[in-house]
Amino acid sequence: MLTVHKMHFSIFLLLWGWILSTECRTHRQGKEIHEVYKKGSRPQRQRREAHGEAHKQGSPILKRSPDITKSPLTKSEQLLRIDDHDFSMRPGFGGPAIPVGVDVQVESLDSISEVDMDFTMTLYLRHYWKDERLSFPSTNNQSMTFDGRLVKKIWVPDMFFVHSKRSFIHDTTTDNVMLRVQPDGKVLYSLRVTVTAMCNMDFSRFPLDTQTCSLEIESYAYTEDDLMLYWKNGNDSLKTDERISLSQFLIQEFHTTTKLAFYSSTGWYNRLYINFTLRRHIFFFLLQTYFPATLMVMLSWVSFWIDRRAVPARVPLGITTVLTMSTIITGVNASMPRVSYIKAVDIYLWVSFVFVFLSVLEYAAVNYLTTVQERKERKLRDKPACACSLPQPRSMMVDGSYNDGDVNELGHFMSHEDGDKQDRMMVQLALGSERGSARRKNQRYVSMRIDTHAIDKYSRIIFPGAYILFNLIYWSIFS
């Protein structure tokens, strides 16, 4: 029994010694690793210290202002003291009107619609005013810039576009709104807007016209007693992109004006105008309207040189030119508003249509006179000979005169009684008068043939001359 106890005690000592030796070896290895780490990290620690010293000395590359957004005490709303003021009212409420300056940069003039009488414009609209409620302390006098989220919490001018049909603020990729606040409370509020507004156009000289359109900006709620709206830099407040161009118009001028608008129920308001003048390009309408109409009129003159008996040639030519002119007039009016006055292009097209229509009427007159002429000629040709069986006298006087020799030649066909001499004289007079009437009919027939040919002959000169005179008068008035 004693031997067993001794054996157990020795085994316990051996296990205890092995555990102690293992802990000592582990401790020595840890110290060695720690020493190696300290030796290897000393250069890195030195570099970090040198980097910090360079930052403190103001390196131009690494120098940056402290990020105040990381401090819970410098939240933008707290810095601007938004919760300490009532921004539902304008700055300086109860005092004089607050001045609000405006400047505009036109990015694009997208379209001009004659049918709807409107235009579409994209622009940058900027407002400038001072709100002392937004002033904040600053050591470097730097401004603070915000996006559209802060705009909803402060007062901004309530501008709108007068006579606008559609407008929207661009929101790709976020709302295109910018707010910049200076330490003294000066505010810049900028937004990117596309607006479609009405433009009263006068088409009395279309397409040789010049149009003037205006984009009008006004405060919706504040009269001139509360808000004084003005162009910040006068006429220089309006900037335009040099690349702006339109397919049908030449942009001649952009300029600004300021006026007062009166509403009977609310009062007087400041209104800003962006005026621009557009001159229409004429070359497109020369190719599409004026040249085809002129060619159709000239084509209608070809019928004056075609034989008047060639009905299948002259009638289709006249009808074709009339229908073509009708198509041109319909096409032009389809792209125009239904105005109640006459346009310049209407005058040209309808006068051209009248010339074409008159050429058709000219052939109708020629054809009618030709038919009448042929009918009378046929009657003269088909008239029966004299019913008496007497031989024709040798000599006939147109005026119906006679002599004794003529009467004696007819005596052997008649009775030899002296009482019959008066009857023979009457027959002679009857025959002479019939011959005289036939000669007068032939004279009228020749005269009628000359008049019929003269219609075409005179038309070849009158129609082109009158149309050239019309063009000279037209272009001298409207060009």
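The structure is a predicted model, in which local features need pLDDT of at least 70 and side-chain atom pairs count only at pLDDT 80 or more, while totals for chains, interfaces and linings use all residues. Residues are numbered from 1 along each chain as its sequence is written, and side-chain values use heavy atoms, with hydrogens and water left out. The protein chain holds 8 helices and 12 strands, where helices (H or I, at least four residues) and strands (E, at least two) are DSSP runs numbered from the N terminus. Of its 479 residues, 34% are buried, a word that stands for under 20% relative accessible area, with exposed meaning over 50% and partly exposed in between (1.4 Å probe, protein chains only).

**Contacts and core**

- Among contacts in the protein chain with a separation of 6 or more, 76% are between residues 24 or more positions apart, a contact being heavy atoms within 4.5 Å.
- The largest nonpolar core has 80 residues, and Val104, Phe119, Met121, Leu179 and Leu215 are those that touch the most other members; such a core is a set of buried Ala, Val, Leu, Ile, Met, Phe, Trp, Tyr and Cys residues joined through side-chain atoms within 4.5 Å.
- This core takes at least three residues from each of domain 1 (82-280) and domain 2 (285-375 + 464-478), with bounds that come from an automatic or database domain assignment.
- Phe119, leaving aside neighbours within four places in sequence, is in contact with residues including Leu109, Val195, Cys199, Cys213, Leu215 and Phe276.

**The disulfide**

- The count comes to 1 disulfide, by a rule that asks for a pair of cysteine sulfur atoms within 2.5 Å.
- Cys199 and Cys213 form this bond, with an S to S distance of 1.9 Å, and both cysteines are buried.
- The torsion about the S-S bond of Cys199 and Cys213 is about -80 degrees, so the disulfide is left-handed.
- Because Cys199 lies in the loop between strand 7 (186-198) and strand 8 (210-219), and Cys213 lies in strand 8, the pair ties together parts that are 14 residues apart in sequence.

**Annotated transmembrane regions**

- An unreviewed UniProt entry lists residues 282-305, 317-335, 347-369 and 458-477 under "transmembrane region"; UniProt positions are given in the numbering used here, feature names are shortened, and annotations may be inferred rather than shown by experiment.
- Residues 317-335 are 95% helix and 0% strand, with end C-alpha atoms 28 Å apart, whereas residues 458-477 are 100% helix and 0% strand, with end C-alpha atoms 29 Å apart.

**Selected residues**

- Thr321, which lies in helix 5 (residues 311-334), counts as buried because its relative accessibility is 0%.
- Not counting residues up to four places away in sequence, Thr321 touches Met296, Leu299, Ser300 and Val356, and a polar atom of its side chain lies 2.7 Å from the backbone oxygen of Gly318.
- Pro464, found in helix 8 (residues 421-478), is buried with a relative accessible area of 16%.
- Although Pro464 and Trp301 are 163 residues apart in sequence, their C-alpha atoms are 8.0 Å apart in space.
- Ser108 has its place in strand 1 (residues 98-113), and its C-alpha is 7.0 Å from that of Leu123, which is 15 residues away in sequence.
- The side chains of Ser108 and Asp110 are joined by a polar contact of 2.7 Å, a term for a pair of N or O atoms within 3.5 Å where, within protein, one must be able to donate a hydrogen and the other to accept it, and residues adjacent in sequence count only if both atoms are side-chain atoms.
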